[in-house]
Amino acid sequence: MDTGSFAHQFAQQIVNGVSLGSIYALIALGYTMIYGIIKLINFAHGDIYMLGAYIGFVAITKAGLPFLPALIVSMIGAALAGIIIERIAYRPMRNAPRIAALITAIGVSFFLENGMILLVSPQPRTFPPVFAPTVYNIGGIVVNNQQILILVSALLLMLALTYIVNRTKAGKAMRAVSYDADAAKLMGIDTDRVISTTFALGSALAAAAGVLVGIYYNSIDPLMGMMPGIKAFIAAVVGGIGILPGAMLGGIIMGLVEAMVSGFFSSTYRDAAAFAILILILLYKPTGLLGKNVKEKV
Amino acid sequence: MKSLRQSLHKQDLLGLGLMVILFAVFYFLFDEEILDDYWETNVILILINIIMAVSLNLINGLTGQFSIGHAGFMAVGAYTSAIITVKLGMDFPIALIVATVSAAFLGFLIGMPTLRLNGDYLAIATLGLGEIIRIAILNIDYVGGASGFMGIPRLTTFPIAFWIMVFVVYFIKNFKNSADGRACLAIRENEIAAETMGINTTKYKVMAFTIGAGFAGTAGALFSHYYYIAHPASFTFMRSFDVLTMVVLGGLGSISGSISGAVLLTAISAALADYPEWRMVIYSIVLIVLMLNRPQGIFGNKELSLKMFQSIKLGGGSRGGTAQSE
Amino acid sequence: MLQKCEQVRIISVACKADRLLSLHGSPARNLKKAKVLLMKAWKKAVGALAMTTLVASMFTGCGKKDAAKKDSGNEIKIGALFELTGNVANYGKSTYKGVQLAVEQINAKGGINGKKIKLVEADNKSEPSESGNAATKLITKDKVSVIIGPATSGCVSAATPVVTNSKVPLMAPVATAPGITVDEKGKVRPFIFRACFTDPFQGKLMAKFAVETLKLKNIAIFYDSSSDYSKGLMDVFGKTLEEKGGKVVGKEAFLAKDQDFKSALTKLKASNPEALYVPGYYEEVSKIIKQAREVGLTCPILGSDGWDSPKLAQIAGGEALNGTYFTSAYSAQDKDPHVQQFIKDYKAKFNEEPDTFAIHAYDGTLAVAEAIKQAGTTDGTKIADALSKIKDLQVATGKYTLDKDHNPVSGGIIIEMKDGVQTFKQKITL
């Protein structure tokens, strides 16, 4: 098969795009849940992803844990961090003007980034090889096992999350609070606890993405969460904010677009393309691809 | 409302008089070298930041739109003015005008489609646009690309920066007190209600955005002509965020607030220069604490005014001031 | 499913009920009220405290203006202006470390003409305008005699007018843009000096190596379009390659801090290059090489001195790095005792291997110290004069001599990566 042909290039870029997109999807899931429930763009979410990567790094290098336990430790650690941040910085801002809450979120994000720079230095850290990457060559298209792992993990976690949200009581509570917080309170739901749980779940997912990315790209640094965080938010919006499968879909779309723009146009306009998609979606289908139209009442 | 107009008029003259005195004092200090270069650099930076903060306040505070990409407009002003003076060899006043107009024009182009969005979405969209502008500049070799635009002459002096700042502040103050300004306030308070009352919300939102962007361009021109260089690294999200912080710290909707915010934050940044790594961490902690405990900022949405002093004199003195609110 | 208005009514009734009940003032309610009031007072207090802290810190900055004299008798003040925070903090800090090591060693030997060096650090936040600010501060407030740094060319350019006006020499240890020491009209900038290669020099070296030694013709380039270092090298390499009869078969760009390069690499692979030239810094290059091998690019990969760091092999892995070469001013394997001593001292002080930034900063600092010694004074013009006259000063990377353009005269070395270890391949000159 001619490795230079358009079809081949296209197929390879699809593989690249899907693996990139799965990472965005994992982060976007957390974003969409948090926004759905307290209507706040958690700017710090990308930094939780970074935090998760570092916790995983410490777990693997200092505590010598193998992959799966390290992943779980990282998810738990990030969940705790998410709960603490929500408790300290976001809960008091629930009734404050939106712009103040947004600034607080940005403040938390900068605090995490610069705090980490202070703590661990801006030098990138490398993950020790946790499993040897094996490369599969399918008719000239290159896929490696780590890409497959990321895609599979993202799918599994999304299924788990969907199960929790749709089939459990806790999930029902989350849906109730995101629909109408006051009414949920009247029905006896402890909204504070539900919100904390949401933050915990979202942060755990972001941490999982962080660890997987650390292994995949082999390097982590304190500023690694900025761009992926924003792109994941865009992914969540593209799919429909507050809708879980939407986040997954949005993530994959963002990954594919990025791969296509880099592969067929110019790599330097990747980020610009991501924002362009956001603006297009917001102008023509603001509730997202999977969203339903809700009229605003006065 | 004759008495109101009279009292406003009196206040304007008083303010203007204060400005002249301030100018004379600082000019003397700089001229006689009592205040050294370091002071001059910081004072000019404060003046530029005041223009940025006040122009952003027009968009975020007065009209209630969430714009966090202000650095992009500053960049446009910085670069276009540099092209005028360096590449085309024209004078600084022309460069300033071109900077303001081009940034305003970009603001208009961007504002038209995106101001249909609201709240958080607009925030992310403006963030994205600020980044797109920066990335675009990074890739245009005519203006230096990643190396930046070097060799810009230092044409910004203290008098120029000072009086432009005064002009911008008065312009926006008068806008705020005009019918257009009140339309913007109405949009901020409740957009749907304003629309129902017959205010063309899109027109005023775009207007505010355009004017705000234009003055950011002016600030950008002053900036690049003071620091000898225009570089994409100076116009990142960090700068947009800095300006936003100044506005929120001072109080959204309050012009005196934006001025105070700009002065305070620039001074703090300079003061913390001895602790570089800690600076950002301290900055963010102070910001979070401030947001948690006084989210309305220093002035809330009220202005520094004679009434405020009068109420203090009368011994009643709650800090916020009375009738002179919007 | 209650209608929204129904819900609102229920809530308002509930609130009224709550208020009615609270009027009775049961002890539990009173406690709650007290707690609420306390919270409010606490918030006001913290808010006021935060405000006063902010205002107070404003004035501490002014307070520090106490008499900083240029020559406080037995101290020589040198400013260290670097990117300590911000996007390129990584490289700025590394460079600063090299300076710190040099100063420590000089002071241990008694200083310069008996006077100890005092390093005054200043951060430019990786931003040119802050660079100008910081330079002004170092010169007017801290009264330094010389400034070392910044690391990036853009920040050096921003500081140049400030130092030139105040006649304070500036040593740029690792900035590579040619325009730093020589302006567009070809005139040398009297107060700016360099301690490393320039881009044109390095780019030509690698092109020569590729064509003459490796006998390669069709080369693709993958460069960092957000770095003038990388763009400069890309430019010169491409031109020199074509002059020597080769061809640039593909050109793609990435941005600093990017993580995923597979899409662009896949595109480059389709142009069937015999080699890939990736001039850039190790943070991105390491990932690029790793991912290049993963998409099936097995050709040799060529680079520049920005690759030089222990992190390169850590991130990319030894196997991926086989068949890669980069240009450098020195080799860690060089048996020359000066290089070895530097590496040993650096490891002892900082507990890590040095990289190219640190070693050049070390050299630059030694040159500055020597110039101050020769000049015998802290007068900027005299120090600049002494610096420009330095010949054959022994520094870590060899002998330091400045040419008439204030750039160091040096040859180059090609380093080959073998199993993750830098090995000396050959010396190369133009």
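How many bridges join strand S6 of chain C to S7(C), and do the two strands run parallel or antiparallel? Seven bridges join S6(C), residues 218-224, to S7(C), and the two run parallel. Two strands count as paired if DSSP finds at least two bridges between them. Strands (E, at least two residues) and helices (H or I, at least four) are themselves DSSP runs, numbered from the N terminus.

Before I continue, a word on the model. It is predicted, so local features are described only where pLDDT is at least 70 and side-chain atom pairs count only at pLDDT 80 or more, whereas totals for chains, interfaces and linings use all residues. Residues are numbered from 1 along each chain as its sequence is written, and chains are lettered from A and ligands numbered from 1 in the order in which they are written.

Let us stay with chain C. S6(C) and S7(C) belong to an open sheet of seven strands, in the order S7-S6-S8-S9-S10-S13-S14, with mixed pairing. At its edges stand S7 (247-254) and S14 (421-428) of chain C, each of which pairs on one side only. From one strand to the next the twist averages 25°; such angles run from 0 to 180 degrees between N-to-C directions, and axes are lines fitted to C-alpha atoms, for helices over the stretch in contact. Helix H8 of chain C, residues 262-269, lies across S6, S7 and S8 (275-277) of that chain, running at about 170° to S7(C).

On one side, five bridges join S10(C), residues 324-328, to S13(C) in antiparallel fashion, and C:Phe326 stands opposite C:Ile415. S13(C) also pairs with S14(C), again antiparallel, over seven bridges, with C:Ile413 opposite C:Lys427. S13(C) and S14(C) form a hairpin with two residues between them, and C:Asp419 in the turn has a positive phi of about 55°.

Which backbone features stand out in the loops of chain C? Most residues other than glycine have a negative phi, and most peptide bonds are trans. C:Asn113, in the loop between H3 (89-108) and S2 of chain C, has a positive phi of about 50° although it is not a glycine. C:Asn113 is partly exposed, with 13 other C-beta atoms within 10 Å. C:Asn272 likewise has a positive phi of about 50° without being a glycine, and its place is the loop between H8 and S8 of chain C. A cis peptide bond joins C:Gly149 and C:Pro150, with omega about -10°; C:Pro150 is in the loop between S3 (146-148) and H5 of chain C.

I turn next to the interfaces. How many residues of chain C are in contact with chain B? There are 37, and they touch 33 residues of chain B; contact requires that the C-beta atoms of two residues, placed from the backbone, lie within 7 Å. H2(C) gives the most to this side of chain C, with 11 residues. By class, this side has 11 nonpolar, 19 polar and seven charged residues. Nonpolar here covers Ala, Val, Leu, Ile, Met, Phe, Trp, Tyr, Cys and Pro; charged covers Asp, Glu, Lys and Arg; the others, Gly among them, are polar.

Chain B also meets chain A: 34 residues of chain B are in contact with 31 of chain A. H5(B) gives the most to that side of chain B, with 11 residues. The classes there are 23 nonpolar, seven polar and four charged.

Finally, some remarks on confidence in chain B. Its mean pLDDT, the predictor's confidence in each residue on a scale from 0 to 100, is 84, and 91% of its residues reach 70 or more. Over residues 315-326 of chain B the pLDDT is below 50.

Technical notes. Buried ≥ 20, exposed ≤ 12 C-beta atoms within 10 Å, placed from the backbone.
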